[in-house]
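Here's a quick briefing to read alongside the model. Have a look at the fold first, then work through the notes below.

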Amino acid sequence: MGLTMRIVYVNGDYLADTEAKISIFDRGFLFADGVYEVTSVLDGKLIDFTGHCTRLRRSLGELHMSLSLDDDQLLSIHRELVTRNALVEGLIYLQVTRGAADRDFVFPPADTPETVVLFTQEKPLIDSMLAARGQVIRTVEDQRWGRCDIKTVQLLFPSLAKMEAKAQGGDDAWLVRDGFVTEGSSNNAYIVLADGTIVTRDLSHSILSGITRKAVLECARKLQMKIEERPFTVEEALGAVEAFSTSASGFVSPVIEIDGHTIGEGKPGSTARQLREVYIAEMRKAAI
Ligand code: PMP
């Protein structure tokens with residue numbers, strides 16, 4: 001998809017994207033020294049904005065980065081971008097970096113202003129081709145760093161993994177470390193056992209604590225579904241009756257094939273379908 005013109009936010013200013021400028025000395029550019037969040041927009045409203053703010057603060061804290069904007073200011077900027085871009089359905093991307101300084105592995109002084117960038121992206125979220133058809137997954141060895149719990153902009157390996165999966169006829173990659181699935185290239189991974197139990201990896205430094213994961217597990221609990229948060233192997237996934245992934249922009253996305261093995265009946269399963277419906281309904285109600 002080509003770039004469409006839009007109004008973006010850069011360090012306090014709302015600008016046409018073609019007018020937006022970032023220093024070549026920005027540490028986000030030179031060191032991937034930055035964190036980000038992606039918040040979905042449905043009906044022109046923000047989905048789980050509080051969850052994204054909470055995780056942003058945690059990512060910043062883990063990297064000893066500061067942000068001069070509070071959550072109310074972040075909310076105003078998000079809303080302003082929705083309005084200025086007449087965004088009905090899609091996403092808002094937010095990135096904070098440690099700012100611009102002479103290139104040095106040592107952090108710049110703490111009073112160096114951070115860089116804050118936000119932009120919108122139109123995307124059909126409800127009528128998703130992958131949700132309707134179901135995803136084809138290829139497993140790829142997880143070669144990311146040891147702090148996958150921090151949402152940094154260092155996304156080269158997930159990008160390579162997705163390309164590898166696509167080269168092998170898949171839609172996305174599930175990453176595997178020591179035989180166990182960690183998560184998808186940009187989503188959390190789940191399988192459903194024959195007795196209906198949902199299995200997803202427990203939170204640790206090995207995966208990102210998905211905002212959608214939290215909300216979807218809450219939906220599953222309300223629906224009296226059984227949940228096990230623990231690692232699962234690729235073999236266990238191949239024998240599952242259902243599989244799916246979750247993310248802010250994919251909501252709940254069924255998986256129909258992993259490494260050439262059909263999952264269940266090879267079509268989106270009922271657990272994933274029900275969770276997707278309930279999650280979307282709950283989030284629509286709570287959107288701000
Ligand atoms: N894991 C990874 C590696 C991700 O990049 C993402 C998407 N940001 C997720 C999980 C899902 O997180 P969320 O539900 O907050 O989008």
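In α5, the buried residues (under 20% relative accessible area, with exposed meaning over 50% and partly exposed in between, using a 1.4 Å probe and protein chains only) are Phe157, Pro158, Ala161 and Ala165. They cover an arc of only 100 degrees around the axis, so they sit on the same side of α5; the arc is taken from the directions running from the helix axis to the C-beta atoms.

Bear in mind that this is a predicted model, where local features need pLDDT of at least 70 and side-chain atom pairs count only at pLDDT 80 or more, while totals for chains, interfaces and linings use all residues. Residues are numbered from 1 along each chain as its sequence is written, and side-chain values use heavy atoms, with hydrogens and water left out.

**More on helix α5**

- Helices (H or I, at least four residues) and strands (E, at least two) are DSSP runs, numbered from the N terminus.
- The face of α5 turned away from the buried side carries exposed residues, namely Leu156, Leu160, Met163 and Ala167.
- Cover for the buried residues of α5 includes β7 and β8 (172-177), with contact meaning heavy atoms within 4.5 Å.
- Just after α5, Gly169 takes a positive phi of about 85 degrees.
- As background, an α-helix has 3.6 residues a turn, so residues three or four places apart point the same way.

**Helix α2 and what follows**

- Helix α2 (residues 49-62) passes the length check too: its 14 residues should span 20 Å at 1.5 Å a residue, and its end C-alpha atoms are 20 Å apart.
- The buried residues in α2 are Phe49, Gly51, His52, Cys53, Arg55, Leu56, Ser59 and Leu60.
- Those buried residues pack against β3 (34-42), β4 (45-46), α3 (71-84), β5 (90-97) and α6 (211-222).
- Ser66 belongs to the loop between α2 and α3, and at 43% relative accessibility Ser66 counts as partly exposed.
- Not counting residues up to four places away in sequence, Ser66 touches Val96, Ala110 and Glu114.
- Ser66 and Arg98 are 32 residues apart along the chain, with their C-alpha atoms separated by 7.9 Å.

- His78 sits in helix α3 and is buried, with a relative accessible area of 2%.
- Leaving aside neighbours within four places in sequence, His78 is in contact with Thr39, Leu46, Phe49, Ile92, Leu94 and Leu118.

**The six-stranded sheet**

- The order of this open sheet of 6 strands is β2-β1-β6-β5-β3-β4, with antiparallel pairing; two strands pair if DSSP finds at least two bridges between them.
- β2 (13-16) and β4 are the edge strands, each with a single partner, so one side of each has no neighbour in the sheet.
- Strand β1 (residues 7-10) runs antiparallel to β2 and is joined to β2 by 4 bridges.
- Val8 stands opposite Leu15 in β2.

**Salt bridges**

- The count comes to 22 salt bridges, each being a side-chain nitrogen of Lys or Arg within 4 Å of a carboxyl oxygen of Asp or Glu.
- Glu183 pairs with Arg144 in a salt bridge, the closest N and O atoms being 2.8 Å apart. Glu183 lies in strand β9 (residues 180-184) and Arg144 in the loop between β7 (135-141) and α5 (156-167), so the pair ties together parts that are 39 residues apart in sequence.
- Glu183 is buried at a relative accessible area of 4%, and Arg144 counts as buried at 15%.
- Glu229 forms a salt bridge with Arg213, with 2.7 Å between the closest N and O atoms. Glu229 is in strand β12 (residues 227-229) and Arg213 in helix α6, so this pair links parts that are 16 residues apart in sequence.
- Arg213 is buried, with a relative accessible area of 4%, whereas Glu229 counts as partly exposed at 36%.
- Arg230 and Glu228 also meet through their side chains in a salt bridge (2.7 Å, N to O).
- Arg58, Glu62, Arg147 and Asp149 are linked in a salt-bridge network.

Conventions:
Expected span 1.5 Å × (residues − 1).
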